Amino acid sequence: MAKSKSISQELLAATLKSLEDSKADDIVQIDLRGKSEMGDFMVICSGRSSRQVAAISEKLNDQLKADFGIYSKLEGKASGDWVLVDTGDIIVHVFRPEVREFYQLEKMWLPASEQAN
């Protein structure tokens, strides 16, 4: 179940800061409130290599554990192509650019007016 709006927003801000500090590319946030029960926000970003994708997700996981006591679920870290970080309220997808382009995950959630052609 989702936490209060202020905690969810605080968690989102911390997530975005961690991704920016890790030099993640093309960070997109999607508000899922009222659209899905899976979480309040989805964040999608890219790392330039498998190693950077794994490092971004690991740093985010460590940061959220230290700052909020949240133990995130990490999926896909071993391959480094696409890592899913599930905090409960926020779902973070960290992709290598080629993998992100192939799946085009943000197109499933963004309104047509916000989608790049």
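Tyr103 comes out as partly exposed, at 44% relative accessibility (buried is under 20% relative accessible area, exposed over 50%, partly exposed in between, with a 1.4 Å probe and protein chains only). This is a predicted model, so local features need pLDDT of at least 70 and side-chain atom pairs count only at pLDDT 80 or more, while totals for chains, interfaces and linings use all residues. Residues are numbered from 1 along each chain as its sequence is written, and side-chain values use heavy atoms, with hydrogens and water left out.

**Aromatic rings**

- Ring pairs tie Trp82, Phe95, Phe102 and Tyr103 into a cluster, and the count comes to three aromatic pairs.
- Rings of Phe, Tyr and Trp (its six-membered ring) pair if their centres lie within 6.5 Å; planes under 30 degrees apart are stacked, over 60 edge-to-face, and the rest tilted.
- Trp82 and Phe95 make a tilted pair, at 4.7 Å centre to centre with 35 degrees between the planes.
- That pair links distant parts of the chain, with Trp82 in strand β4 and Phe95 in strand β5, 13 residues apart.
- Trp82 is partly exposed at 27% relative accessible area, whereas Phe95 is buried at 0%.
- Trp82 also forms a tilted pair with Tyr103: 4.8 Å between centres and 50 degrees between planes.
- Here the partners sit 21 residues apart, Trp82 in strand β4 and Tyr103 in helix α3 (residues 97–103).

**The sheet**

- Helices (H or I, at least four residues) and strands (E, at least two) are DSSP runs, numbered from the N terminus.
- Five strands build an open, mixed sheet in the order β1-β2-β5-β4-β3, where two strands pair if DSSP finds at least two bridges between them.
- β1 (25–31) and β3 (73–75) are the edge strands, each pairing on one side only.
- β2 and β5 run parallel over six bridges, and Ser46 stands opposite Phe95 in β5.

**Nonpolar cores**

- A nonpolar core is a set of buried Ala, Val, Leu, Ile, Met, Phe, Trp, Tyr and Cys residues joined through side-chain atoms within 4.5 Å.
- The largest one has 19 residues, and those touching the most other members are Leu12, Leu19, Val43, Leu60, Ile90, Val92 and Val94.
- At least two residues of this core come from each of α1 (5–21), β2 (41–46), α2 (50–68), β4 (82–86) and β5 (90–95), with α1 giving the most, five.
- Leaving aside neighbours within four places in sequence, Leu12 is in contact (heavy atoms within 4.5 Å) with Gln29, Phe41, Val43 and Ile90.
- A second, separate core of 10 residues includes Phe95, Val99, Leu105 and Leu110.
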